[in-house]
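Today I am opening my notebook on a structure I have not visited before. Come along while I jot down what I look up.

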Amino acid sequence: MPSTAERPRTRKVPQRPGDRIFAGASTGAGVLILVVLAGVAAFLLVEAWPALVAPAEDIPDGEGLVVYIWPLLFGTLLSAVFALLIAAPLAVAIALFVTYYAPRRVAQVLGYVIDLLAAVPSIVYGLWGFNQLAPLTVEPTGWLAENLGFIPLFEGPPSATGRTMLVAVIVLAVMILPIITAVVREAFRQTPRLHEEASLALGATRWEMIRMAVLPFGRSSIIGASMLGLGRALGETMAVAIVLSVSGGVTFNLIGTGNPGTIAANIALQFPESTGISVNTLIASGLVLFALTLVVNMAARAVIERRKEFSGAN
């Protein structure tokens, strides 16, 4: 055995100019994202600082910054979480149907239609929810209040206009549905063919094959897609601003006349007429939304990293 000193040295392969340019551009793009993110955080913090240190009586409503932001934060979380609870299972079911059950032509058409929903402007969703969906929910919400009023979500009294948190939740669920579906569908398509064939060869039914091979492989993608949809719902502005009739307060009632607002919609509605400390207060609420979105994405990344070795994410 030759000694270490006698072993031939491996020559470093020289990089071509195109490789060096591509590597530099990729590194620069990654650094640029971090710089932009830090710049946005710094801007929000600087502009929100006057509101953070201002006395309570100077804040709109005169009760302090926390009292002002908390109902908006609650409404943001309430609408986004319930929209995710509706959209995520439906998106997984659609992705499974398109990938494993639907005929090829039906799958292509359905996939195209689902992807097309992502191209619809949010203001169109808002107009649809305001003009079409809200009136249709008046009678069903009356039935819910009468028969399921013991549940805090349907406590009532129901709104006569239909511009409730329930309608906002449904609109948000439709808006985030194509995002989650597209990601999950592509993840299911990447499931190793050998895993599927092995399950079927052992006598598994199609559903058992999906449960044992496809869903474990795509678990991390499902979580990531759901968090992506949640971030989309947290920041939605125009659709919620058009649909929701805001009266303030903190309530879990989805069908009543008292609806908490959301941070993004409140900024859009109040910013044109705000001046002075009111602008700083709105930017402070935007800082809270920015931090919330960042925490959600970090939590999603942590969950994906923990489950990566048990799924197809590795």
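**Entry 1: salt bridges.** I am working with a predicted model, and I began with its charged pairs. How many salt bridges does the structure hold? I found five. I picked one of them to look at: the side chains of aspartate 115 and arginine 185 meet with 3.1 Å from N to O. I then checked where the two partners sit. Aspartate 115 belongs to helix H3 (residues 104–117) and arginine 185 to helix H6. They are 70 residues apart, and the pair links distant parts of the chain.

**Entry 2: H2 against H6.** H6 covers residues 165–189 and packs with H2 at an angle of about 40°, their axes 6 Å apart.

**Entry 3: H2 against H9.** H2 spans residues 65–101, and I also looked at its packing with helix H9 (residues 219–234). Here the angle is about 140° and the axes are 9 Å apart. H2 passes H9 in a right-handed crossing. Which residues meet here? From H2 I listed Thr76, Leu77, Ala80, Val81, Leu84, Ala88 and Val92; from H9 they meet Ile222, Ser226, Met227, Leu230, Ala233 and Leu234. By class, this contact has 11 nonpolar residues, two polar ones and no charged ones.

**Entry 4: what the record says.** Next I turned to UniProt. Its unreviewed entry lists "domain: ABC transmembrane type-1" at residues 73–300. I compared that span with the model: the chain there is 74% helix and 0% strand, and the end C-alpha atoms are 20 Å apart.

The unreviewed entry also places the feature "transmembrane region" at residues 21–45, 65–97, 109–128, 165–184, 237–257 and 277–300. I looked up two of these spans in the model. Residues 165–184 are 100% helix and 0% strand, with end C-alpha atoms 27 Å apart. Residues 237–257 come out as 29% helix and 0% strand, and their end C-alpha atoms lie 20 Å apart. I am leaving both sets of values side by side on the page for my next visit.

Definitions and conventions. Residues numbered from 1 in each chain as written. Predicted model: local features only at pLDDT ≥ 70, side-chain atom pairs only at ≥ 80, totals over all residues. Heavy atoms only, no water. UniProt positions renumbered as here; feature names shortened; annotations may be inferred. Helix = DSSP H or I, 4+ residues; strand = E, 2+ residues; numbered from the N terminus. Axes fitted to C-alpha atoms, helices over the stretch in contact; angles between N-to-C directions. Left-handed = near helix turned anticlockwise from the far one by under 90°. Contact = heavy atoms within 4.5 Å. Nonpolar A, V, L, I, M, F, W, Y, C, P; charged D, E, K, R; others polar. Salt bridge = Lys/Arg side-chain N within 4 Å of Asp/Glu carboxyl O.
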